[in-house]
Amino acid sequence: DEALEQIISAIRAEPGASWNVEKMAQRAHLSPSQFTRRFRQIAHMPPAHFVIHVRLQRACELLRETPMPLSHIAHTLGYND
């Protein structure tokens with residue numbers, strides 16, 4: 001599904017953005033339940049888990065590759081506390 005692939009790419013490009021199922025479903029022109037079902041088929045996990053997974057992967061990359069402090073990395077990836 002092209003719309004879902006675009007959303008997955010967008011999450012990977014901007015993991016710190018505010019990603020919630022309702023907004024993603026609207027973007028894909030699907031109901032939240034239909035979106036979640038299709039997303040699971042493609043990503044093999046629920047949308048919220050996928051966002052967390054991508055954020056953690058990016059945090060690991062930033063910790064390894066940059067001198068950014070952990071608090072800045074967390075904030076950049078959508079974790080404000």
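## Contacts and overall fold

Among contacts in the chain (heavy atoms within 4.5 Å) between residues at least 6 apart in sequence, 48% join residues at least 24 apart. Please keep in mind that this is a predicted model, in which local features need pLDDT of at least 70 and side-chain atom pairs count only at pLDDT 80 or more, while totals for chains, interfaces and linings use all residues. Residues are numbered from 1 along each chain as its sequence is written, and side-chain values use heavy atoms, with hydrogens and water left out.

The secondary structure comes to 5 helices and 0 strands, where helices (H or I, at least four residues) and strands (E, at least two) are DSSP runs numbered from the N terminus. Read from that end, the elements run α-α-α-α-α. The C-alpha trace spans about 40 × 20 × 15 Å along its principal axes. Of the 81 residues in the chain, 30% are buried; buried means under 20% relative accessible area, exposed over 50% and partly exposed in between, with a 1.4 Å probe and protein chains only.

## How α1 packs

Two packed helices are described by the angle between their axes and the distance between the axes. Here axes are lines fitted to C-alpha atoms, for helices over the stretch in contact, and angles run from 0 to 180 degrees between N-to-C directions. Helix α1 (residues 2-13) packs on helix α2 (residues 21-28) at an angle of about 135°, with the axes 9 Å apart. That makes α1 oblique to α2, since angles under 35 degrees count as roughly parallel, over 145 as roughly antiparallel, 65 to 115 as roughly perpendicular and the rest as oblique. The crossing is right-handed, a term for a near helix turned clockwise from the far one by less than a right angle, with anticlockwise giving left-handed. Ala3, Leu4, Ile7, Ala10 and Ile11 of α1 make the contact with Met24, Arg27 and Ala28 of α2. By class, these residues are 7 nonpolar, no polar and 1 charged; Ala, Val, Leu, Ile, Met, Phe, Trp, Tyr, Cys and Pro count as nonpolar, Asp, Glu, Lys and Arg as charged, and the others, Gly among them, as polar.

α1 also packs on α4, at an angle of about 35° and with the axes 9 Å apart. This crossing is right-handed. Ile8, Ile11 and Arg12 in α1 meet Phe50, Val51 and Val54 in α4, giving 5 nonpolar, no polar and 1 charged residues.

## The nonpolar core

A nonpolar core is a set of buried Ala, Val, Leu, Ile, Met, Phe, Trp, Tyr and Cys residues joined through side-chain atoms within 4.5 Å. The largest one has 16 residues, and Ile11, Phe35, Phe39 and Phe50 touch the most other members. At least two residues come from each of α1, α2, α3 (32-43) and α4 (47-65), and α1 gives the most, with 5 residues.

Leaving aside neighbours within four places in sequence, Ile11 is in contact with Trp19, Met24, Phe39, Phe50, Val51 and Val54.

## Residues in the loops

The loop between α2 and α3 holds His29 and Leu30. His29 has a positive phi, near 60°, in a residue other than glycine, and is exposed, with a relative accessible area of 72%. Leu30, leaving aside neighbours within four places in sequence, is in contact with Ala25, Phe35 and Arg38.

His44 lies in the loop between α3 and α4. Its phi is positive, about 65°, although His44 is not a glycine, and at 67% relative accessibility His44 counts as exposed.
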